[in-house]
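I opened the notebook on this chain today.

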Amino acid sequence: TRGQHAASLSEYWQHFMAIEHFVILIYPLTFYLVKFFLPINLALPYPHPYSSTQPLSMDFYIYPFVLVILAIAIWRFKTIRRPLIFALLFYFTGLVSALRVSPVLGTIGADRYFYVGMVSIIFFIAWAFQYLSEHKQLLHKRAFPLYITFVILFIGLLTISTSKRIPVFKNGVSVFTDAYKKYPFHVPALHTLAGAYLLEAGNVEKGIQAAELATKIFPSDEYSHENYLNILLSAQQYDKALQEIDQMTNLHFVSARHYLQKAQLWSHLNKPDSALVALDHLNSFSADSSTLSMANELKANILLTQQRYKEALAALNEAISLQSLNTNLRMNRAICYFDMGRREEAIKDMNLLISQDPKNAIAYLNRGKMYSIMGLVDKACADWQLAAIYNIPEAKELLRNCK
């Protein structure tokens with residue numbers, strides 16, 4: 001799902017002009033330097049400029065000039081050349097593992113990536129302070145006090161701006177609300193905020209609102225729709241979930257898994273015919289064995305309730321061929337066989353289940369019911385006795401009919 005913020009990297013880069021390619025490559029290298037000296041609009045995650053419809057914001061063009069200024073300083077000032085090169089190498093080395101020039105997670109930076117690199121900046125400031133203290137003659141007599149004043153003011157600004165961040169880190173809701181307020185088009189912040197509302201605050205309504213807002217800000221982002229759908233499902237908003245799947249279908253984001261979800265939702269809403277239609281649509285997509293098995297199991301369950309045993313049996317056989325170790329499938333097939341009058345095959349499936357797991361209490365319970373209907377009361381009571389050992393209440397009730 002991480003790659004769903006853009007169809008591919010090549011497609012992503014096609015959204016920008018050549019000069020914008022260069023700016024985006026430079027931006028992560030100098031972003032943290034600018035934030036260090038101008039700690040404005042600090043946030044936990046910073047958004048990536050991956051809009052496919054809007055040109056690159058003009059503030060991004062500031063960042064290449066930072067590298068130009070650093071290069072000029074290294075070239076022109078021999079005194080600071082070695083410590084500055086050391087500081088920059090330390091900075092880039094600490095940053096390289098966190099660089100992001102592609103929209104993988106929708107963020108291009110986070111303050112925590114700068115913790116190691118910040119040491120190099122503080123080192124250079126300390127070195128400059130020490131050097132100027134020892135070579136005051138190099139400066140105008142008023143320049144050194146101004147420099148000291150600048151350092152003190154800068155430390156004070158940095159202290160105040162960072163201390164104001166402390167209340168923000170109360171929980172996930174506060175952190176990502178802060179990020180969204182400062183960067184209203186930061187879609188991944190909304191994704192995380194939606195999850196935080198659900199998991200931390202238990203506020204289902206606000207979680208849904210945050211996830212839905214992400215789909216409106218970036219309607220062509222498949223991940224946003226997927227996240228919104230998952231939150232609707234977890235919040236049991238089934239009608240809205242069905243509407244979102246239809247919306248994803250219109251945007252060509254739908255897959256076999258989505259039709260399975262749609263069928264499950266229709267089944268939950270007691271609309272079995274609509275569920276069967278969704279399952280029929282699923283067959284037009286390529287799907288993994290797990291999805292196909294679950295689809296066939298759901299289809300069989302619906303058909304069994306409609307007493308369409310032959311079709312249900314076919315679906316169960318298909319599901320078992322895909323997942324032969326699924327005990328629920330074989331249990332359902334045994335029940336289907338029994339309802340079709342094919343009792344020997346039903347008992348055979350039950351025997352197989354019990355041989356594979358001698359502690360399968362539900363298998364003992366259901367085989368006992370089959371024996372009871374077949375008039376084999378002693379065998380039925382023996383099975384219910386075994387099921388009762390594993391604390392199956394229904395088995396204990398049925399045992400009252402046994403002598």
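**Entry 1: Asp 178.** I am working from a predicted model. Is Asp 178 buried or exposed? Asp 178 has a relative accessible area of 13%. The cut-off for buried is under 20%, so Asp 178 counts as buried. I placed Asp 178 in helix 7, which covers residues 172–182. Then I looked up its contacts, leaving aside neighbours within four places in sequence. Asp 178 touches Leu 42, Ala 43, Arg 165 and Val 168.

**Entry 2: Arg 333.** Arg 333 sits in helix 16, residues 327–339. Its relative accessible area is 13%, so Arg 333 is buried. Which residues is Arg 333 in contact with, leaving aside neighbours within four places in sequence? I found Leu 313, Leu 316, Asn 317, Ile 320 and Asp 349.

**Entry 3: the whole chain.** I stepped back for the totals. I noted 20 helices and two strands. The chain has 403 residues, and 43% of them count as buried. The accessible surface comes to about 22500 Å². Carbon and sulfur atoms hold 60% of that surface.

**Entry 4: helix 13.** I picked helix 13, residues 272–282, and listed its buried residues. They are Ala 275, Leu 276, Ala 278, Leu 279 and Leu 282. Viewed down the axis of helix 13, these residues fall within an arc of 160 degrees, so they line one face of the helix. I reminded myself of the helical repeat. An α-helix has 3.6 residues a turn, so residues three or four places apart point the same way. What covers the buried residues of helix 13? The cover includes helix 12 (256–268) and helix 14 (289–305).

**Entry 5: helix 14 against helix 15.** I followed helix 14 to its packing with helix 15, residues 309–322. The two pack at an angle of about 160 degrees, with axes 8 Å apart. That angle makes helix 14 roughly antiparallel to helix 15. I logged the crossing of helix 14 and helix 15 as left-handed. On the helix 14 side, the contact residues include Leu 292, Asn 296, Ala 300, Leu 303 and Leu 304. On the helix 15 side, they include Tyr 309, Ala 312, Ala 315, Leu 316 and Ala 319. Leu 316 was already in my notes, as a contact of Arg 333.

How values were computed:
Residues are numbered from 1 along each chain as its sequence is written. This is a predicted model: local features need pLDDT of at least 70, side-chain atom pairs count only at pLDDT 80 or more; totals for chains, interfaces and linings use all residues. Side-chain values use heavy atoms; hydrogens and water are left out. Buried means under 20% relative accessible area, exposed over 50%, partly exposed in between (1.4 Å probe, protein chains only). Helices (H or I, at least four residues) and strands (E, at least two) are DSSP runs, numbered from the N terminus. The arc is that of the directions from the helix axis to the C-beta atoms. Contact means heavy atoms within 4.5 Å. Accessible areas come from the Shrake-Rupley method with a 1.4 Å probe; for residues, only the protein chains shown count as cover. Axes are lines fitted to C-alpha atoms, for helices over the stretch in contact, and angles run from 0 to 180 degrees between N-to-C directions. Angles under 35 degrees count as roughly parallel, over 145 as roughly antiparallel, 65 to 115 as roughly perpendicular and the rest as oblique. A crossing is left-handed if the near helix is turned anticlockwise from the far one by less than a right angle, and right-handed if clockwise.
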